[in-house]
Amino acid sequence: MTEDGEDRRQPAVAYRNFDDKVAFVTGAASGIGRATALAFGRQGASVVVADVAEDDNRETAELIEDEGGRALAVSCDLRKSEEVQAAIETTVDEFGRLDFACNNAGVEQGPEKTHELDDDEWDRIVDTDLRGVFLSMKCEIPAILDGGGAIVNISSGAGISGFPGSAYGAAKHGVVGLTRSAALEYAETDLRINAVCPGIVDTSMMDRFTGDTEEGRQEVIDQEPVGRMGNPAEIADAVLWLCSDAASFVLGHAMVVDGGQTV
Ligand SMILES: NC(=O)c1ccc[n+]([C@@H]2O[C@H](COP(=O)([O-])OP(=O)(O)OC[C@H]3O[C@@H](n4cnc5c(N)ncnc54)[C@H](O)[C@@H]3O)[C@@H](O)[C@H]2O)c1
């Protein structure tokens with residue numbers, strides 16, 4: 001990791017089950033999604049990146065290709081089932097299969113308390129952060145069941161403990177419940193479903209959350225026992241491990257990767 005936080009590490013582990021496989025990552029235009037898409041590419045998987053932010057999403061695909069990987073950018077608002085379905089169909093048409101999915105796209109909540117939160121804002125957050133994961137899984141599962149594979153949903157520390165931001169907290173708790181329930185439904189198949197619950201990670205979302213000021217950043221760093229924010233690549237590492245054969249006995253797990261924040 002460089003001082004500016006850029007991840008220039010070579011993968012610490014070379015997994016054997018990613019070559020010739022296809023990964024689908026939502027919210028890949030930025031932050032954790034981009035880092036995860038790059039990590040899949042470095043392990044030899046073809047990567048389909050999906051996001052509403054078309055230009056940055058295309059840039060993620062180009063970064064993967066610059067490193068010698070195979071990638072395709074698709075524009076997709078995961079609140080719309082027809083767009084998610086089309087993105088998965090494009091994935092299978094282009095690469096012939098789907099093996100791994102990381103349902104990562106999400107939006108944060110402002111400072112509003114529950115009684116101050118507009119109904120529409122509740123819907124925007126829950127539609128993106130919870131319903132979007134459901135819609136994605138609904139379309140991904142039939143494709144992955146063909147050959148087996150794994151799904152990793154991105155929840156949050158706000159998915160396992162209380163968080164001032166009730167729509168976000170409810171949605172992220174919902175992602176953990178959805179993950180555990182679906183994991184059991186497919187336990188007897190070759191599809192494993194897990195979640196990752198990140199702590200405070202240095203991304204655009206965190207910039208918006210902290211106002212991108214020194215004081216704002218320090219306030220959230222003070223919540224981290226390790227005394228720093230996480231790097232998106234450190235979350236990607238957990239996603240890749242959960243998709244790898246090394247995690248073959250792991251399902252329905254909500255893996256906390258948070259520098260000790262919720263310990
Ligand atoms: N950064 C953190 O500290 C942190 C902590 C815990 C959990 N998370 C979760 O990790 C995930 C990624 O967050 P990040 O920090 O990388 O954020 P980010 O804002 O950098 O990236 C989120 C991406 O999701 C995309 N997106 C938003 N709505 C979408 C929609 N309707 N359809 C398609 N794409 C959409 C955005 O365009 C963006 O590219 C989110 O689910 C977030 O809740 C982040």
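Helices here are DSSP runs of H or I with at least four residues, strands are runs of E with at least two, and both are numbered from the N terminus. The model is predicted, so local features need pLDDT of at least 70 and side-chain atom pairs count only at pLDDT 80 or more, while totals for chains, interfaces and linings use all residues. Residues are numbered from 1 along each chain as its sequence is written, and side-chain values use heavy atoms, with hydrogens and water left out.

**View 1. The shell around the ligand.** Helices α1 (31–42), α5 (166–185) and α6 (204–210) each give at least two residues to this shell. The largest share, 4 residues, comes from α6. In total 31 residues surround the ligand, with Ser 30, Asp 51, Asn 104, Tyr 168 and Thr 203 the closest; a residue is in the shell if one of its heavy atoms lies within 4 Å of the ligand. Sorted by type, the shell has 15 nonpolar, 11 polar and 5 charged residues. Here Ala, Val, Leu, Ile, Met, Phe, Trp, Tyr, Cys and Pro count as nonpolar, Asp, Glu, Lys and Arg as charged, and the others, Gly among them, as polar.

View 2. A polar side-chain atom of Asp 51 sits 2.6 Å from a ligand oxygen. On its own the ligand has 830 Å² of accessible area, and the protein covers 93% of that (Shrake-Rupley method, 1.4 Å probe).

**View 3. Helix α1 and its surroundings.** With 12 residues, α1 reaches 17 Å from its first C-alpha to its last, close to the 16 Å expected at 1.5 Å a residue (1.5 Å times one less than the number of residues). Because 10 of those 12 residues are buried, α1 is largely enclosed by the rest of the structure; buried means under 20% relative accessible area, with a 1.4 Å probe and protein chains only. The cover over them includes β1 (22–26), β2 (46–51) and α8 (232–243). Just after the helix, Gly 44 takes a positive phi of about 100°.

**View 4. Asn 153 in strand β5.** Asn 153 belongs to β5 (residues 149–154) and is buried, at 0% relative accessible area. Its side chain makes a 2.9 Å polar contact with that of Asn 103 (N or O atoms within 3.5 Å, one able to donate a hydrogen and the other to accept it; residues adjacent in sequence count only if both atoms are side-chain atoms).

How values were computed: Buried < 20%, exposed > 50% of the residue type's maximum accessible area, 1.4 Å probe, protein only. Contact = heavy atoms within 4.5 Å.
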